[in-house]
Amino acid sequence: MTTQAHTKSAGLDVVTFGEAMMMFVATQTGDLHRVEQFVRRAAGAELNVAIGLARLDLKCGWVSRLGNDSFGRFIQDTLDKEHVDRRAVTIDSAYPTGFQLKSKAENGTDPIVEYFRKGSAASHLSLADFNEAYFGGARHLHLSGVAAALSSTSYELSAYAAQWMRAHGKTVSFDPNLRPVLWRSEKEMVTQLNKLAFAADWVLPGMKEGRILTGFTTPEAVADFYLDGGVKAVVIKTGEEGAYYKTAEGEKGVVPAVFVKNVVDTVGAGDGFAVGVISALLEGKTIKNAVARGNFIGARAIQVIGDSEGLPTRKALIAEMTMTQETATVSV
């Protein structure tokens, strides 16, 4: 048995979809099986982006399936608290909300994450979750490779949504967000995710992801691979160097990274970067300004333990970017 809220025209800036999970973050370092205390958070790549965009005062809708359980209710409460529209979220009594355990990282290292998501409600996302009035009420669609990897039906939804939105004059962004363990093979992952990338306007890979997906070893070559396929702009995260961008009009450049003195947790940095780039482009900022904002929010995200705590409000973004010397030459 499933229940779904009323989903007439949404009047949104952005719509996205994917899986949200209850996340238990260890409060002490060490092997997860020895940890006795955790703090709870909501986690999920697309959910992080939706929250980040909503904090920047963009109207954002999130589409998914949640179990009729306490984890699902916690995520619903999180959506309401963050002012993310959840009219198109289905409550599914047949399948549970997934969860994950995350270790406490030290010295900027990546935390260990164990997922418990097999057979989750969100893995049953399908074309049945595509409501034309809801998606058509948004001007932009954000896609992630995580949602695409959940199941064959979730991939089908991703591909159809991208095609439909482009056909109806909307823009589409795509973050590959590679999750190799969710695919049957690397070859399948590369083929399927590149199909989605070519259906997008803006593609946002990390350099390591770009090498895997294209076979090329330089940012410009990776960008050209997608631009030659009809993508309008490619922004590549290059780690400590910052980010490289190139557009179909030939505009290109590098925006330096924002220095972070104390890295707490690297998970969520890419989602924060996507929030910055997408929000700025939707506001009509230049690609250079969009990348600078992406770098700034990505750097902010890695200074907290949760996936979304570091995502700023618009007021905080303007105040902090204005004060940050590295971004003083670009508009916030």
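In what follows, two residues are in contact when heavy atoms of theirs lie within 4.5 Å. Please keep that cut-off in mind as we look at this model, which is predicted.

Let me begin with two helices. On helix H1, the residues Ala45, Asn48, Val49, Gly52 and Leu53 meet Asp271, Ala274, Val275, Ile278 and Ser279 of helix H9. Sorted by class, this contact of H1 with H9 comprises six nonpolar, three polar and one charged residues.

How is such a pair described? In general, one gives the angle between the axes of two packed helices and the distance between those axes. Here H1 covers residues 45-55 and H9 covers residues 269-282; they pack at an angle of about 45°, and their axes are 9 Å apart. H1 and H9 are therefore oblique to each other. As for handedness, the crossing of H1 past H9 is right-handed.

I turn now to the aromatic residues. How many aromatic pairs does the structure hold? There are 14 aromatic pairs. I shall present two of them.

In the pair of phenylalanine 130 and tyrosine 160, the ring centres are 5.1 Å apart and the planes stand at 90°. Planes over 60 degrees apart count as edge-to-face, so this pair is edge-to-face. Phenylalanine 130 sits in the loop between strand S8 (113-116) and helix H3 (132-136), whereas tyrosine 160 belongs to helix H5 (residues 152-167). The pair therefore ties together parts that are 30 residues apart in sequence. Are these residues buried or exposed? Phenylalanine 130 has 11% relative accessibility and so counts as buried, while tyrosine 160, at 31%, counts as partly exposed.

The second pair joins tyrosine 155 and tryptophan 183; it is also edge-to-face, with 6.5 Å from centre to centre and 80° between the planes. Tyrosine 155 lies in helix H5, and tryptophan 183 in the loop between strand S10 (171-175) and helix H6 (186-198), so this pair ties together parts 28 residues apart in sequence. Both tyrosine 155 and tryptophan 183 are buried.

Finally, I return to the loop between S8 and H3, where lysine 118 is found. Is lysine 118 buried or exposed? Its relative accessibility is 86%, so lysine 118 counts as exposed. From C-alpha to C-alpha, lysine 118 and glycine 98 are 7.6 Å apart in space, although 20 residues separate their positions in sequence.

Notes. Residues numbered from 1 in each chain as written. Predicted model: local features only at pLDDT ≥ 70, side-chain atom pairs only at ≥ 80, totals over all residues. Heavy atoms only, no water. Axes fitted to C-alpha atoms, helices over the stretch in contact; angles between N-to-C directions. Helix = DSSP H or I, 4+ residues; strand = E, 2+ residues; numbered from the N terminus. Parallel < 35°, antiparallel > 145°, perpendicular 65-115°, else oblique. Left-handed = near helix turned anticlockwise from the far one by under 90°. Nonpolar A, V, L, I, M, F, W, Y, C, P; charged D, E, K, R; others polar. Phe/Tyr/Trp six-rings, centres within 6.5 Å; stacked < 30°, edge-to-face > 60°. Buried < 20%, exposed > 50% of the residue type's maximum accessible area, 1.4 Å probe, protein only.
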